[in-house]
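Here is a brisk report on one protein model. Keep the sequence and the structure in view while reading.

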Amino acid sequence: MIGKYSCRYCLGNKIFSISFYRENPNELAVNELKHRYVTCACHVLNSIVTDGIAHFQPELRKIREAMRYMKICHSRENEFYKRFLAQNHKAKYLTTDIPTRWNSTYEMLVLAFMCKPILTEAYNESLDYKDKNGLNNINWDICEEIVKFLGQFCFATAHFSILIYLNDIASLLFRFKDKPFFSDIIPNMRAIFIKHFIPVPPIYLLGALLDPMMKLQHIELSLKFLYQNLELNYSEQDLSSHKNDLIKLANEIYSDYEVKLERTQPPVPPSSSSSSSSKRFPGCEFWEQHVVMPNESKRSSNMNKQ
């Protein structure tokens, strides 16, 4: 339902939710989807990040205090902007985060890094802090790693095509597992990830199959890298089994609806000429590295041969 504030917040053309209605909830295809028992993927990612980011509260507190200290007083805020203008920089509007919302913490850190030298100088001078108590390079180095870590989660929750972005998150957990400050929290984050996403719920695979940009070979590739990054044992037979089960499920659901709608014409097969674009999955490293770049290399090679 469109509310009275939909125009103000540009919600008029958005999908708020999709509800499933079936006359017979015991039908085989719907039961196999088990959509009623699948936890919201974004909720799981938020839970993973919230648990992980709690480990860095001492480091985050310094940046948060600096941002709030400069913003809470109008005269200090004006002085902060004057420093920007004096150095021929475009003034950045200060913002503070809501500690219970990790995405707002990420946005605050990104802004803080944009004005790192000026924020450090202004905060330390105005408080007359000693070096050991003010902002220092160690605080910034740790927070820089946190920004890199949180950035991929932000892309995933903002542009979620579940199977594709799951690869990026799994890859992120793999790359950061041995990094200082992260080695203690990654195992628990990885365990939560595996608990909710492995084996990949059928409805996620079906959603990928219905995406015009995805193909069965991309789904198989996604599953392969997902298991590798999570360091889980798998075999080619396991991937083949996933593929066969997905095709079987898709055929059952299609046949079910075909009977109900009394369609007599065969479905139009999806076009195999759809081009892969990085704009389809913005910020997704997996899609860019394993789909877009190989396809562009093939096209360049074909053009050179001509």
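V44 touches T39, H196 and F197, not counting residues up to four places away in sequence. Contact here means heavy atoms within 4.5 Å. V44 and H196 are 152 residues apart in sequence, yet 7.4 Å apart in space, C-alpha to C-alpha. V44 sits in helix α2. At 3% relative accessibility, V44 counts as buried. The cut-offs are these: buried is under 20% relative accessible area, exposed is over 50%, and partly exposed is in between (1.4 Å probe, protein chains only).

This is a predicted model, in which local features need pLDDT of at least 70 and side-chain atom pairs count only at pLDDT 80 or more, while totals for chains, interfaces and linings use all residues. Residues are numbered from 1 along each chain as its sequence is written, and side-chain values use heavy atoms, with hydrogens and water left out.

**Overall build**

The protein has 13 helices and zero strands. Helices (H or I, at least four residues) and strands (E, at least two) are DSSP runs, numbered from the N terminus. Of the 306 residues in the protein, 37% are buried. Take the contacts between residues at least 6 apart in sequence: 70% of them join residues at least 24 apart.

**The core**

Which residues have the most contacts inside the largest nonpolar core? They are I63, F80, L119, F149, F153 and F193, in a core of 78 residues. Helix α7 (residues 137-158) gives the most to this core, with ten residues. A nonpolar core is a set of buried Ala, Val, Leu, Ile, Met, Phe, Trp, Tyr and Cys residues joined through side-chain atoms within 4.5 Å.

F193 shows its surroundings well. Neighbours within four places in sequence aside, F193 is in contact with I48, L166, I169, A170, L173, I198, L226 and L230.

**Aromatic pairs**

The structure holds twelve aromatic pairs. Rings of Phe, Tyr and Trp (its six-membered ring) pair if their centres lie within 6.5 Å; planes under 30 degrees apart count as stacked, over 60 as edge-to-face and the rest as tilted. Two of the pairs are set out below.

| Pair | Centre distance | Plane angle | Type |
|---|---|---|---|
| Y69 and Y123 | 5.7 Å | 75° | edge-to-face |
| F197 and Y204 | 6.1 Å | 45° | tilted |

Y69 lies in helix α3 (residues 57-72) and Y123 in helix α6 (residues 116-127), so the pair ties together parts that are 54 residues apart in sequence. Y69 is partly exposed, at 22% relative accessibility. Y123 is buried, with a relative accessible area of 3%. Both F197 and Y204 are buried. Ring pairs also link F56, W102, F149, F153, F176 and F182 into a cluster.

**Cavity and pocket**

Rolling a probe the size of a water molecule over the atoms shows where empty space is left. On a 1 Å grid over the protein atoms alone, a cavity is a set of points where a 1.4 Å probe fits but cannot get out, and a pocket is an open set with protein on both sides within 12 Å along at least five of seven lines; lining residues have an atom within 4 Å of a point. Grid points are joined across faces, edges and corners, and a volume is the space filled by probe spheres set on the points.

A search of the whole structure finds one cavity of 30 Å³ or more. The largest cavity holds about 40 Å³ of space. Its lining is made of G52, I53, F56, I146, F149, L150, F182 and I185. The most comes from α7, with three residues. By class, the lining has seven nonpolar, one polar and no charged residues. Ala, Val, Leu, Ile, Met, Phe, Trp, Tyr, Cys and Pro count as nonpolar, Asp, Glu, Lys and Arg as charged, and the others, Gly among them, as polar.

The second largest pocket has a volume of about 230 Å³. Twelve residues line this pocket, and V200, P202, L205, H242 and D245 are the closest to its centre. Helix α12 supplies the largest share of the pocket lining, six residues. The lining of the second largest pocket divides into seven nonpolar, two polar and three charged residues.
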